[in-house]
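User: I am new to this structure and would like to go through it by question and answer. Please start with any term I will need.

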Amino acid sequence: MAKEHEKVMAKKEGALHGVKIIDLSDERAIYGVKLLADLGADVVRPEPIEGYPLRARGPLRDGEQSAGSSLWHAFFASNRRFFAVDLDQPEGRAQLDRLITQADIVITSDGAFGCDVLDIEDIRLRNPSLVSVECTSFGESGPWRDYLAPDLVAGALGGSVATTGDVDTPPLKCFGELNFVVSGAYVGIAALAALRHARETGEGQHVHVPVHHCIASCLEHVFMWHWYNEMLGNATDKALERRGSLHWSNAYVVMQAQGGSIMVTPTPDVDAQLVWLIEEGVAADLLDPKYQEIENRPEFMRRMMEVLREWVGSKDVQALFFDAQEHHAPYGWVLPLDRVAENPQLDARHWWQEYNSGGGDFKGPGNPYQFSETPWSMGPHGGIGEHTDSVLSEIGWGDER
Amino acid sequence: MRPLEGIRILDFTHVLAGPFATRILADMGADVVKVNSAARMGMNGAAGPYYPTWNRNKRALALDMSHEEARAIGKRLALQADVVIDNFSVGVLDRWGMGFEDVSSKNSGVIYLQMSGMGEGGPWSNFVTFAPTIHALSGLTRLTGVPGREDIGIGFSYNDHVAGLHGATAILSAIESRRRSGQGQRIDLSQFEVGVNLLGPALMDFFVNGVEAQPGGNKLPYDKTAPHGCYRCAGAISDSVVDERWIAIACLSEVHWEKLVEVMDRPEWAGDSRFSSASKRWQHSGALDALISKWTKDHDALHLMEICQSAGVPAGVVQNGKDLVENDPQLRASEFVMKLGENDPLVGEAFADRLPIEFSKTPCNTYRPAQPVGADNTDVLNDWLDLSSDEVRQGEEAGHFV
């Protein structure tokens, strides 16, 4: 049945089939272009004749540099067509100009390959419905406009680093470059929203996405802690210190169990958690009538977490996780990568995809969403300039000669 | 005119991931009708700041779906919608008679997005999750931390935001697809799969090379670059952790390192053979970080950032929420943080952060505070279903629209 379904889906087009995108992004926006490419857009990625430096980013297949060995590039530059072009030559610049003149969307990052030779507004005179999305670190103006901000610095200034880490560690960035996942995703949304307007009206436009603002918009409690701290009974300052896994609500934290760690929370149904502890015979003093008083609820929650920590410490982590889920409690087993790689839920949903890069096939992440009518798909990863001839042919380069 | 004007979204989501997706779409002009019941708010509770923060620019409709009459209205609204979005357990909308199959037979262009924790089908499909659950199960908690610790993880509900961003992307993509085909469709978004996807290169490394990524503090996992970390600075106004001052410095090239050495006034230790190349600095990053910390600890973080950036060294103050709201000149220049009003019924003084997307032709500068549940009953039911004010009032009095 699953195979039949795959066959049917394979004949269908992706949601963004026919949308022509030129990808001049760097790390700050490339994830958003990946989302659009994997949804079926025809994405051409211009690159230098010798290849884009991002082709060398690790991790590498077999740990060594060779053609198509960058797993980073296979993931983030998936489903692109690669167009090698010499922008030091007038001909190359004219080719890029024509390519964009025939596109629906061009996505740029300031300083990335090709962006300093483009005159987008001039191109828009010939392609009025063109959507151009530019991703910069800090925006087009302001005192930090020209600051350099790789992911760690972007996260520091944007607020995500101060919020992560523990009292005995420095402030920490998230694993990898997750700040740029946020800015990239916003770039994809910006492109699609402006495309919708262009489809409705024929009017293209320029759209700007500053990484700094994107990060600041995705910090959960951080702004509300400042604005509404009087509404949050446990807020004593306008900012909350980094404090490991302890959530701002004090109701979620990673605890040590037998054989591993587990994220434990008595929410959303605290009464159900209490009943479970009673059944286990470990409710301690949590039934004390004083905890029924509203003013004692913060103290009740603090005591509840103490009792949970002691109880969890005696439990096998795997059994506790599944038992919790049986109780509809959203505990989360802290899994290392090898356990994620063999997760039964992902296997059951046939989530993993086959990738092909540098002549080799390997397993990798699948789709973050499943569309019923327009399949997500992963094509082979192209080599340097692999699609240059077909791209030039499509834009009619040389036809006039 | 904003870019998504004319798109109607019926929003049954709650907590953060779903409401964040629809907040983005509402900011860009979509008519998002947020359905709640005052009697069943749960985690949406208007008593705290969560609901007001994630539900601005939406219209608030009250429907108590325990009543057949309210469910009938829900279905009629779905028949008028471009998008229906929920993060209920699988099957709730079907039980209410307004599942995708029911509605799409009459509204063929409708797009359904379900943002569940684990997706539909599979042995974990009914598992209950919040963002910290997803962080733990996906590997994000294990990998965000320092060696020897797995109890740190990301300090905020990152995956909720990212799932919301993916949800908005999915909806807009389905709308573009519908333009071509005339057909709507159903989208199954698993917040767990969104989280696992974020570890793409690390998972590929595991499958291809058998290498299992480990927590590495502030190091990049696959680039041998150093210094690359956060360093304590002077200027703390108290002993509280929240008042500590730190600077992040990230030297990604030899040029960055050479410039940093200049900024540090060429200390003798910088010429040590342990630091003579990027790979050696990376190999001895512990010693290097300690020496840089000795330099930063007597300096003001803001001053260090300015002299580093002036010299071409990537560096930034580690800003907390107070810094962002009160001191950040970049956010201030763009009026990113703003006051929406003084006497908001939900929060009193109401604030908002802007959509971080600037459209040249369709600017999104309309910010209406989140509304109390049911505050827009009359407007919504009149606009979408042509109900009169009297009909709405009767529904409210009967307890259906509350």
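Analyst: A crossover counts as right-handed if, with the strands pointing away from the viewer, the path from the first strand over the helix to the second runs clockwise. The model discussed here is predicted.

User: Which strands and helix of chain A make a right-handed β-α-β unit?
Analyst: Strand β2 (residues 42-47) of chain A is joined to β3(A) by five bridges, and the two run parallel. One pairing sets A:Val43 against A:Arg80 of β3(A). With a helix included, the right-handed unit consists of β2(A), helix α3 (residues 71-76) of chain A and β3(A).

User: How many of the five residues of strand β3 (residues 80-84) of chain A are buried?
Analyst: In a regular strand the side chains alternate between the two faces of the sheet. On one side of β3(A), A:Arg80, A:Phe82 and A:Ala84 are buried, and on the other A:Arg81 and A:Phe83 are buried too. The strand is largely enclosed by the rest of the structure, because the number of its residues that are buried is five of the five.

User: Why do the buried residues of α12(A) line one face of the helix?
Analyst: Helix α12 (residues 317-326) of chain A has the buried residues A:Leu320, A:Phe321 and A:Ala324. An α-helix has 3.6 residues a turn, so residues three or four places apart point the same way. Seen down the axis of α12(A), the buried residues line one face because they fall within an arc of 100°.

User: Which exposed residues does the face of α12(A) turned away from its buried side carry?
Analyst: The buried side of α12(A) packs against β7 (253-257), β8 (260-264), α11 (297-312) and β9 (332-333) of chain A. The face turned away from that side carries the exposed residues A:Ala319 and A:Glu326.

User: Which residue just after α12(A) takes a positive phi?
Analyst: The helix in question covers residues 317-326 of chain A. Just after α12(A), a positive phi of about 60° is taken by A:His328.

User: How far apart are the centres of domain 1 of chain A and domain 2 of chain A?
Analyst: In chain A, domain 1 is 2-218 + 352-394 and domain 2 is 252-336. The C-alpha atoms of the chain fill a box of roughly 90 × 55 × 45 Å along the principal axes. Taken over C-alpha atoms, the separation of the two domain centres is 43 Å.

User: What is the distance between the C-alpha centres of the two domains in chain B?
Analyst: Chain B is assigned domain 1 (8-197 + 337-397) and domain 2 (228-318). The C-alpha trace of chain B spans about 80 × 50 × 40 Å along its principal axes. The C-alpha centres of its domain 1 and domain 2 are apart by 43 Å.

User: Which helix gives the most to the side of chain A that touches chain B?
Analyst: The contact takes 131 residues from chain A and 128 residues from chain B. On the chain A side they divide into 80 nonpolar, 34 polar and 17 charged. With 15 residues, the helix that gives the most to this side is α7 (residues 178-201) of chain A.

User: Which residue of β12(B) stands opposite A:Val207?
Analyst: Strand β6 (residues 205-210) of chain A and strand β12 (residues 358-359) of chain B run antiparallel and are joined by two bridges. Opposite A:Val207 stands B:Phe359.

User: What percentage of the 402 residues of chain B count as buried?
Analyst: Chain B has 18 helices and 12 strands. Among its contacts between residues at least 6 apart in sequence, 70% join residues at least 24 apart. The buried share of its 402 residues is 58%.

Note on methods. Residues are numbered from 1 along each chain as its sequence is written. Chains are lettered from A and ligands numbered from 1 in the order in which they are written. A residue is buried if 20 or more other C-beta atoms lie within 10 Å of its own, exposed if 12 or fewer, and partly exposed in between; C-beta atoms are placed from the backbone. Helices (H or I, at least four residues) and strands (E, at least two) are DSSP runs, numbered from the N terminus. The arc is that of the directions from the helix axis to the C-beta atoms. Two residues are in contact if their C-beta atoms, placed from the backbone, lie within 7 Å. Domain bounds come from an automatic or database domain assignment. Ala, Val, Leu, Ile, Met, Phe, Trp, Tyr, Cys and Pro count as nonpolar, Asp, Glu, Lys and Arg as charged, and the others, Gly among them, as polar. Two strands pair if DSSP finds at least two bridges between them.
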